[in-house]
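Biologist: I'm new to this structure, and I'd like to learn how to read it. Could you walk me through it with me asking as we go?

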Amino acid sequence: MPPVDRLKPIRAASSESGYSLVEFVREFPDDAACLEWLWRTRYSPDGEMAHCPKCDQDRTFKKYDFATRRQSWTCTACGQHITPTAGTIFHKSSTSLHLWFYAMYIMASTRCGVSAKQLERELGVKYKTAWRMFNKIRNYLMTDDGSPLSGHVEVDETLLGGKIRNDARRKRDALGWSPKRWDTETKTMVFVAVERGGRVRARVIPNSSGPTLRKIVQENVEAGSTLYTDEWGGYATLGDTYAHRTIRHRDRIYADGLTQTQTVEGFFG
């Protein structure tokens, strides 16, 4: 007997994916399933009872088949219609909800980003349609609300600018600059904060001095959060605002003596 059931595939425990394609297809097999999910998520958790704005109380709603294929539920008391797609990016769109949901899955699951051209190929729609879907998903559903990161937050800073070329190296040597000064003068300093299991923030900063790092951390991380940094001195003054823990990049050991592997295993249970 095979170790797994080929007819009911499951995501492997070692998989980095939090939601596989098989799971998506199983949960949203067609357009009706997507519409039902919207109805239950926005208005009726049990699929029947919802608040009727006309009756101003909870009523039973049913979905009837209309010749116009209206995607709405009707109040059995007054006939009021509620359309789950109203007020969303799907409103007045003739594109299948199934394609909309699949586009969101692709954009949310890819690690390196996806283009509108890729959506066109994956969904089998025109480029104009793919671009419109891509634009709405990115600008309306994937925008950051601006609230500070919280919980367990990892922060670090780095210089971006690529590997030095030979002509630039000759110019650096002619100026008598050290590699560190050359990087500081020619590359861009970027600060990154990652909320474990959540959001990511990246900001360009002028330098990695203590005042600069303290200001950018306080702007993007909620006070009282557990903050993970390296041993760079610019983060030394954050212990009075955050539960500050450090890690040595070379040895991968936190300040409390745990290795990175031990800490990660403890965090995830």
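Modeller: Let's begin with handedness: a crossing is left-handed if the near helix is turned anticlockwise from the far one by less than a right angle, and right-handed if clockwise. Helices (H or I, at least four residues) and strands (E, at least two) are DSSP runs, numbered from the N terminus. This is a predicted model, where local features need pLDDT of at least 70, side-chain atom pairs count only at pLDDT 80 or more, and totals for chains, interfaces and linings use all residues. Residues are numbered from 1 along each chain as its sequence is written, and side-chain values use heavy atoms, leaving out hydrogens and water.

Biologist: Which hand does the crossing of helix 4 and helix 5 have?

Modeller: Two packed helices are described by the angle and the distance between their axes. Here the crossing of helix 4 and helix 5 is right-handed.

Biologist: What is the order of strands in the open sheet?

Modeller: Strands pair if DSSP finds at least two bridges between them. The open sheet has four strands in the order 1-2-3-4, with antiparallel pairing. Its edge strands are strand 1 (49-52) and strand 4 (81-82). Tryptophan 73 stands opposite isoleucine 82 in strand 4.

Biologist: And what does phenylalanine 61 touch?

Modeller: Not counting residues up to four places away in sequence, phenylalanine 61 touches several residues, including Trp39, Trp73 and Ile82.

Notes. Contact means heavy atoms within 4.5 Å.
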